[in-house]
Amino acid sequence: MLEVRDLEAWYGESHVLHKVSFDIREGEVVTILGRNGAGKSTTMKAIMGMMKRRQGAVRLRGLDLIRATPRAIAKAGIAFCPEDRGIYSSLTVEENLMLPPEVAEGGMSVAEIHQLFPNLAERRRSQGTRLSGGEQQMLAIGRILRTGARLLMLDEPTEGLAPVIVQQIGATIRQLKQRGYTVLLVEQNFHFAATVADRHYVMDHGQVIDMIPNAEIAANTAKLNSYLGV
Ligand SMILES: Nc1ncnc2c1ncn2[C@@H]1O[C@H](COP(=O)(O)OP(=O)(O)OP(=O)(O)O)[C@@H](O)[C@H]1O
């Protein structure tokens, strides 16, 4: 579904992605693991067209998006949930939910999103600022499910959340997979990643340095600990 080939990206003069290549098949949940500063978020931003200077190839079902604008990339069916979640504090839950435009048919209805995240139904009239971190994350994910995008990129959805909420986010990601969504996940915590993903790419210094199928993660714990500096 997504083919990333020799992707490079720069912040000003600073060259941060070096020939990043990986694939995601339709219906897979794939993670990018790596230490702080490894280039995980930048990879998502570069896929989404949010890096001013980038080169290489990003193909969604064969369509090359490397020169496309973020808007065109969203319309092609990729949704991005950034690390800061991007919830507008002055808007209500409902207003935040309705904000992103639909890009394709088949997006979830508000009722389906409420079924997936009952908290959002209860809090629909609350302001963004009044939500807990977990509720903000649910809103950020719920919001992109409305758009009809089929490839979801989630940047550290579990960061800073209590274990019980992390479990809930994990259950949601497994449900999304069951519904046929394709998910790319940035994670620091491979114990969590192992509960949701089919495969893991490991990044370091702006490069992909390894790929580990989830079934082999237990056998590779020592290697992963050294990659991630755990
Ligand atoms: N806005 C920016 N301007 C300049 N350099 C940046 C910017 N954002 C990130 N960087 C640098 O780019 C490199 C990759 O950062 P990136 O945020 O992609 O890493 P990451 O793996 O997502 O780590 P983290 O978990 O800390 O976000 C790092 O060296 C970082 O310092």
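Student: Happy to start with confidence: what pLDDT does the protein chain average?

Tutor: This is a predicted model, in which local features need pLDDT of at least 70, side-chain atom pairs count only at pLDDT 80 or more, and totals for chains, interfaces and linings use all residues. Residues are numbered from 1 along each chain as its sequence is written. pLDDT is the predictor's confidence in each residue, from 0 to 100. Here 100% of the residues score at least 70, and the protein chain averages a pLDDT of 94.

Student: Thanks! Which element gives the most to the shell around the ligand?

Tutor: The ligand is surrounded by Y11, S14, V16, G34, N36, G37, A38, G39, K40, S41 and T42 (a residue counts as near if its C-beta atom, placed from the backbone, lies within 6 Å of the molecule). Two or more of these residues come from each of strand 2 (14-24) and helix 1 (40-47); helices (H or I, at least four residues) and strands (E, at least two) are DSSP runs, numbered from the N terminus. With three residues, the element that gives the most is helix 1.

Student: Which strands stand at the edges of the open sheet of four strands?

Tutor: The order in this sheet is 2-1-4-5, with antiparallel pairing, where two strands pair if DSSP finds at least two bridges between them.

Student: Last one: is P82 buried, partly exposed or exposed?

Tutor: P82 is found in the loop between strand 6 (78-81) and helix 3 (93-98). A residue is buried if 20 or more other C-beta atoms lie within 10 Å of its own, exposed if 12 or fewer, and partly exposed in between, with C-beta atoms placed from the backbone. P82 has 16 other C-beta atoms within 10 Å, so P82 is partly exposed.
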